[in-house]
Amino acid sequence: MDNDSTTIARLRATVDPDIKKKADINHTKKGFTGSLVELSNTHKVLKNFKVRTHIERCFTYCVHQAEEDSEKLASDLRKIVPHLYGKKKCQI
(Lines give C-alpha, C1' and ligand atoms only; values in the text may rest on other atoms or scores of the structure.)
Protein backbone atom coordinates (compact mmCIF):
# COMPACT_ATOMS: atom_id res chain seq x y z
CA MET A 1 0.00 0.00 0.00
CA ASP A 2 1.07 3.58 -0.28
CA ASN A 3 1.98 5.52 2.84
CA ASP A 4 -1.55 6.81 3.40
CA SER A 5 -2.33 6.91 7.11
CA THR A 6 -6.06 7.41 6.48
CA THR A 7 -6.37 4.06 4.72
CA ILE A 8 -4.62 2.08 7.45
CA ALA A 9 -6.61 3.88 10.16
CA ARG A 10 -9.90 2.96 8.47
CA LEU A 11 -8.81 -0.66 7.99
CA ARG A 12 -7.87 -0.93 11.66
CA ALA A 13 -11.18 0.61 12.72
CA THR A 14 -13.43 -1.48 10.47
CA VAL A 15 -11.59 -4.72 9.72
CA ASP A 16 -8.89 -5.65 12.24
CA PRO A 17 -7.21 -3.45 14.86
CA ASP A 18 -4.06 -5.62 14.72
CA ILE A 19 -3.56 -5.30 10.98
CA LYS A 20 0.05 -4.54 10.00
CA LYS A 21 0.96 -1.88 7.48
CA LYS A 22 3.45 -2.81 4.78
CA ALA A 23 4.60 0.10 2.66
CA ASP A 24 5.05 -0.32 -1.06
CA ILE A 25 8.77 -0.35 -1.95
CA ASN A 26 8.23 2.20 -4.72
CA HIS A 27 6.75 4.73 -2.30
CA THR A 28 9.50 4.06 0.22
CA LYS A 29 12.19 4.46 -2.42
CA LYS A 30 10.58 7.64 -3.74
CA GLY A 31 10.67 9.19 -0.26
CA PHE A 32 14.30 8.16 0.21
CA THR A 33 15.28 9.50 -3.22
CA GLY A 34 13.54 12.79 -2.46
CA SER A 35 15.55 13.10 0.73
CA LEU A 36 18.79 12.48 -1.17
CA VAL A 37 17.87 15.18 -3.67
CA GLU A 38 17.21 17.62 -0.79
CA LEU A 39 20.54 16.69 0.79
CA SER A 40 22.26 17.43 -2.52
CA ASN A 41 21.65 21.12 -1.81
CA THR A 42 24.14 20.96 1.05
CA HIS A 43 26.30 17.96 0.05
CA LYS A 44 27.92 18.47 -3.33
CA VAL A 45 28.75 14.79 -3.91
CA LEU A 46 25.02 13.95 -3.98
CA LYS A 47 24.53 16.15 -7.04
CA ASN A 48 26.20 13.36 -9.02
CA PHE A 49 23.42 11.16 -10.46
CA LYS A 50 25.58 8.01 -10.39
CA VAL A 51 26.37 8.48 -6.70
CA ARG A 52 22.70 8.96 -5.80
CA THR A 53 21.69 5.97 -7.92
CA HIS A 54 24.24 3.73 -6.19
CA ILE A 55 23.06 4.83 -2.73
CA GLU A 56 19.43 4.24 -3.77
CA ARG A 57 20.36 0.77 -5.03
CA CYS A 58 22.08 -0.08 -1.72
CA PHE A 59 19.06 1.19 0.23
CA THR A 60 16.58 -0.77 -1.89
CA TYR A 61 18.69 -3.93 -1.64
CA CYS A 62 18.72 -3.66 2.17
CA VAL A 63 14.95 -3.17 2.32
CA HIS A 64 14.31 -6.18 0.05
CA GLN A 65 16.69 -8.43 1.97
CA ALA A 66 15.23 -7.68 5.40
CA GLU A 67 11.51 -7.21 4.72
CA GLU A 68 10.34 -8.98 7.87
CA ASP A 69 13.38 -8.43 10.13
CA SER A 70 13.67 -4.87 11.43
CA GLU A 71 16.91 -5.58 13.33
CA LYS A 72 18.60 -6.90 10.19
CA LEU A 73 17.31 -3.90 8.25
CA ALA A 74 18.74 -1.47 10.80
CA SER A 75 22.07 -3.32 10.80
CA ASP A 76 22.27 -3.42 7.00
CA LEU A 77 21.35 0.26 6.64
CA ARG A 78 24.18 1.19 9.02
CA LYS A 79 26.58 -0.68 6.73
CA ILE A 80 25.80 1.42 3.65
CA VAL A 81 28.10 4.37 4.41
CA PRO A 82 31.14 2.22 5.29
CA HIS A 83 30.40 0.19 2.15
CA LEU A 84 30.42 3.37 0.05
CA TYR A 85 33.87 4.19 1.40
CA GLY A 86 35.29 0.77 0.57
CA LYS A 87 35.35 -0.91 3.96
CA LYS A 88 35.77 -4.61 3.11
CA LYS A 89 34.09 -6.00 6.25
CA CYS A 90 30.80 -4.26 5.51
CA GLN A 91 29.17 -6.67 3.10
CA ILE A 92 25.63 -5.63 2.26
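This report covers the salt bridges and the largest nonpolar core of a predicted model.

**Salt bridges**

The model has 2 salt bridges. The table lists them by side-chain pair.

| Pair | N to O distance |
|---|---|
| K72 and D76 | 2.9 Å |
| D76 and K79 | 3.9 Å |

Start with the pair K72 and D76. Both residues sit in helix 4, which spans residues 70–78. They are 4 residues apart, about one turn of the helix.

Through shared partners, the salt bridges link K72, D76 and K79 into one network.

D76 has a relative accessible area of 7%. It is therefore buried, since buried means under 20%. K72 is partly exposed, with a relative accessible area of 35%. K79 is partly exposed as well, at 26% relative accessibility.

**Nonpolar core**

Which residues form the largest nonpolar core? There are 5: C58, F59, C62, V63 and I80. Helix 3 gives the most to this core, with 4 residues. That helix covers residues 49–65. In soluble globular proteins, nonpolar side chains tend to be buried together.

**In brief**

One network joins K72, D76 and K79 by salt bridges. The largest nonpolar core holds 5 residues, among them F59 and I80.

Key
Residues are numbered from 1 along each chain as its sequence is written. This is a predicted model: local features need pLDDT of at least 70, side-chain atom pairs count only at pLDDT 80 or more; totals for chains, interfaces and linings use all residues. Side-chain values use heavy atoms; hydrogens and water are left out. A nonpolar core is a set of buried Ala, Val, Leu, Ile, Met, Phe, Trp, Tyr and Cys residues joined through side-chain atoms within 4.5 Å. Buried means under 20% relative accessible area, exposed over 50%, partly exposed in between (1.4 Å probe, protein chains only). Helices (H or I, at least four residues) and strands (E, at least two) are DSSP runs, numbered from the N terminus. A salt bridge is a side-chain nitrogen of Lys or Arg within 4 Å of a carboxyl oxygen of Asp or Glu.
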